[in-house]
Amino acid sequence: MSDSDSDSDDDYSATVLGSHWFSGPQPTQQQTRIQPQEAVPDRVEGSVLRFGPGVTAALPAPFPVVVAEPVPRRRRGEWRRYALAAVVLLAVLAYLAWQRYGPAIEVRDVTVSTVDPQGPGCDSTADVVAVVRTNGRPGTLTYRWIRSDGTQSEQLTERVPRGRNEARLHLLWTFQGRGTYGAEARLQLVSPGQRTAATRFTYRCAG
């Protein structure tokens, strides 16, 4: 080595080169430093976050998790009980509707008789009774009494309540004086329908 080389060696100084100037062997995988990364949950189950297979961290969820409660199935017995109650209710409503809006009152039979079959005595009153049998529906009977002495009553009415199957209509006929009189009392039903019924009796006064 020459003196000039020796002098140049004394003047030599190391130069710091960037890492991209190195062309040596690249660091192996074992030598490579792995920068830690923030673990990210791969699935959410309820309020527990699970980080990968085999590793579980019981951490609170970053958001509220609402778990829906299962709706209990109704028992068959409850449905049957409700169905039975509905059937009973419908039957009651139908009956009430029939009672209120069903068929009107109908007259089925009319009979007339006297309370005393032998007739009234001297200066007494005969009680004549007409029995009007109906179908039990509520309504109004319109009628008049016609007597054999040529007189008749004005048009009368009788209110029949629900559930009553007959109505009793009275005529009080008063007699005075001596003698014998054959009398007839007739009921003329005007509505509903037109019917007539009559009875005969004798007034006797010998005293």
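Start by selecting Leu 187: it is buried, with a relative accessible area of 0% (buried means under 20% relative accessible area, exposed over 50%, partly exposed in between, with a 1.4 Å probe and protein chains only). You are looking at a predicted model, where local features need pLDDT of at least 70, side-chain atom pairs count only at pLDDT 80 or more, and totals for chains, interfaces and linings use all residues. Residues are numbered from 1 along each chain as its sequence is written, and side-chain values use heavy atoms, with hydrogens and water left out.

Now widen the view around this residue. Leu 187 sits in strand S9, residues 179-191 (helices, H or I with at least four residues, and strands, E with at least two, are DSSP runs numbered from the N terminus). Leaving aside neighbours within four places in sequence, Leu 187 is in contact with Val 110, Val 112, Ala 130, Val 132, Tyr 143, Arg 144, Trp 145, Leu 169, Arg 195, Thr 196 and Ala 197 (contact means heavy atoms within 4.5 Å).

Next, colour the open sheet whose three strands run in the order S4-S5-S8, with antiparallel pairing (two strands pair if DSSP finds at least two bridges between them). Its edge strands are S4 (107-114) and S8 (166-174), each pairing on one side only. Neighbouring strands of this sheet are turned by 15 degrees against each other on average, direction ignored (axes are lines fitted to C-alpha atoms, for helices over the stretch in contact, and angles run from 0 to 180 degrees between N-to-C directions). S4 and S5 (residues 125-134) pair over seven bridges. Select Asp 109 and you will find Arg 133 of S5 opposite.

From there, move to Thr 199 in strand S10. Is Thr 199 buried or exposed? Thr 199 is buried, with a relative accessible area of 13%. Among its contacts, leaving aside neighbours within four places in sequence, are Val 112, Ser 113, Val 128 and Glu 184.

For the last stop, show the sulfur atoms of Cys 122 and Cys 205, which a disulfide joins at an S to S distance of 2.0 Å (a disulfide is a pair of cysteine sulfur atoms within 2.5 Å). Cys 122 lies in the loop between S4 and S5 and Cys 205 in S10 (residues 195-205), so the pair ties together parts that are 83 residues apart in sequence. Because the torsion about the S-S bond is about 110 degrees, this disulfide is right-handed. Cys 122 is partly exposed at 38% relative accessible area, whereas Cys 205 is buried at 8%.
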